[in-house]
Amino acid sequence: MENARGVLLLSHVGFSFMEDLAGTVTARGLKIYVLSSLPEPLHQGSRPGALADLADDVRVTAEHVLTPRNVEDYLDHLEAMGASVLCCLTVWEGYRHLMALANARLGVPDLDEKQILELRDKLTLRNRLADAGLSRGRASALTPETLAERQREGCRYFVKPVNGIASFGTFPLTPDTTWADLERITAEAHSDTVYASVFTTNPGPSDPAGPSGHQHSDMAANNGANPDANAGHEVDFGVKFLVEDYVPGREFSFEVIIVDHEPHVVAVHEKREVTEAAGTVLENAVVSPPTSLSQEEIAAGICWVASVLDILGLGWGCFHVEARHAPSGWDLIEVNPRVGGSLISPSVAALTGGPSLLDLWLDSLLTARQPAGFLKALKSLSFAMDGSTQSGNATFFRVFYADPGTIREVGLNDDLPLQPIVSHVLLKPGDVVESSSREVFLGQVLWRMDRADRDTALPELLPASERAIEIAYETERG
């Protein structure tokens with residue numbers, strides 16, 4: 001097989017940013033090898049063909065979840081056909097441990113499977129960082145007893161799955177929260193084809209489900225789960241919840257590339273609007289660089305992130321570190337061993353004026369054995385330890401979520417003070433959006449501007465951007 005140098009991409013149910021990843025790989029003159037789990041019934045007629053159009057070789061398995069054996073068998077197949085697989089990459093966090101297994105076989109420096117599975121356990125992770133003095137909060141397993149105790153205490157607490165994905169089942173604890181609410185979310189998780197496998201507890205190296213996560217723009221219209229009617233308190237499909245001290249402050253994310261234990265913060269995003277709903281947390285509007293932080297506060301955040309990553313022993317990879325900043329300092333929300341969702345990667349491209357976060361992650365893998373040249377370029381794009389950045393660009397993006405109902409009309413609004421550089425409308429007329437404890441994405445829009453002009457442009461753009469995607473429903477929503 002001539003010119004068979006390529007990259008193995010892992011796809012969950014036929015999606016996981018395959019079009020974006022394919023473009024990143026082909027731009028480097030490399031072949032594309034795709035291993036995908038079985039798409040949902042709605043997409044089984046279209047996605048395998050779409051993947052075949054993108055890739056040089058495709059295998060779609062018979063189940064909705066990839067396993068280590070699937071990866072091993074496909075690598076055997078590629079080896080037998082003479083392919084030279086340079087590395088493996090996936091943006092679906094549920095397969096991040098499988099990516100690590102593949103890269104270990106290929107001899108590519110990466111995290112190991114154990115580290116990825118440890119990041120998935122949010123209960124242990126929170127307390128581990130608290131023990132190290134890097135988090136002021138602690139977490140406990142949520143049971144009917146601890147639920148009642150925390151409600152009696154009357155302090156602010158937050159509930160989330162121990163092994164969670166995106167914002168599914170994450171919400172502030174209130175006096176009205178009941179154990180039945182947790183059972184309902186558990187039933188939704190179990191009945192969701194896309195997400196059912198990623199809520200398993202205590203996964204090990206042989207667990208085919210593996211850790212969780214999802215890239216936002218892969219959401220489809222009808223992925224909302226339809227909860228079963230479960231009467232008893234013994235409903236348990238493997239979903240466990242934690243309750244943790246509420247982390248105060250404004251929310252940010254650090255986009256980090258680590259090469260040989262040296263972290264580089266490529267971007268810092270500020271979440272200008274965060275909506276904490278009954279069963280999820282929605283991130284509505286994001287700006288970069290942050291508008292509410294001083295250079296010194298950004299520098300403190302970069303130093304804190306480096307300490308978190310060091311304590312966890314994370315020496316390679318791409319990370320989306322979610323944190324909050326308050327007068328008391330920085331504290332952790334989550335450490336995600338992947339590219340951030342929604343428009344984080346294109347935002348990085350707009351900020352750097354060149355490579356996206358996907359570009360940088362792939363290049364870090366391709367150059368991992370001899371990273372000197374890549375490291376030089378990466379340093380020139382990243383924040384300095386003093387909180388400064390050489391980029392003269394700023395970005396703003398808004399994510400839109402659908403409400404339950406049948407969509408009658410949906411489309412982009414051209415009447416805006418600044419035209420976007422990226423816009424995606426993910427749903428279409430006729431789509432039915434069900435009520436669910438995870439977000440259902442409608443679309444997303446990204447703007448770029450000169451950082452020197454941002455303070456003038458953003459006050460007008462922020463409210464105007466709320467109507468960047470217009471939608472009407474067939475019926476009134478409850």
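This is a predicted model: local features need pLDDT of at least 70, side-chain atom pairs count only at pLDDT 80 or more; totals for chains, interfaces and linings use all residues.
Is Cys87 buried or exposed, and what is its relative accessible area?

1. **Cys87.** Cys87 is buried, because its relative accessible area is 0% and buried means under 20%. The structure holds zero disulfides. Cys87 is in no disulfide, and the nearest cysteine sulfur, which belongs to Cys88, is 7.5 Å away.

2. **Another cysteine, for contrast.** Cys155 is partly exposed: its relative accessible area is 48%, whereas that of Cys87 is 0%.

3. **The largest nonpolar core.** The largest nonpolar core has 63 residues, and the ones that touch the most other members are Leu8, Leu9, Leu10 and Ile257. Helix 11, residues 357–366, gives the most to this core, contributing six residues.

4. **Around Leu8.** Which residues does Leu8 touch, leaving aside those up to four places away in sequence? They are Tyr33, Leu35, Tyr74, Leu75, Val85, Cys87, Cys88 and Leu89. So Cys87, the buried residue from the opening point, turns up again here as a contact of Leu8.

5. **A second core.** There is also a second, separate core, made of 29 residues. Among them are Leu111, Val256, Ile258 and Ile298.

6. **Aromatic pairs.** The count of aromatic pairs comes to seven. One to look at is Phe254 with Trp330: the ring centres are 5.2 Å apart and the planes meet at 65°, so the pair is edge-to-face. For that label the planes must be over 60 degrees apart. This pair links distant parts of the chain, since Phe254 sits in strand 9 (residues 250–259) and Trp330 in strand 13 (residues 329–336), 76 residues apart.

7. **Burial of that pair.** Are Phe254 and Trp330 buried or exposed? Phe254 is buried, with a relative accessible area of 0%. Trp330 counts as buried too, at 6% relative accessibility.

8. **An aromatic cluster.** Phe254 and Trp330 also belong to a cluster in which ring pairs link them with Phe252 and Trp304.

9. **Arginines over rings.** Arg47 lies over the face of Phe15, 4.3 Å from the ring centre. Arg150 lies over the face of Tyr157, and here the distance from the ring centre is 5.5 Å.

Methods
Residues are numbered from 1 along each chain as its sequence is written. Side-chain values use heavy atoms; hydrogens and water are left out. A disulfide is a pair of cysteine sulfur atoms within 2.5 Å. Buried means under 20% relative accessible area, exposed over 50%, partly exposed in between (1.4 Å probe, protein chains only). A nonpolar core is a set of buried Ala, Val, Leu, Ile, Met, Phe, Trp, Tyr and Cys residues joined through side-chain atoms within 4.5 Å. Helices (H or I, at least four residues) and strands (E, at least two) are DSSP runs, numbered from the N terminus. Contact means heavy atoms within 4.5 Å. Rings of Phe, Tyr and Trp (its six-membered ring) pair if their centres lie within 6.5 Å; planes under 30 degrees apart count as stacked, over 60 as edge-to-face and the rest as tilted. A charge sits over a ring if NZ of Lys or CZ of Arg is within 6 Å of the ring centre and within 35 degrees of the ring normal.
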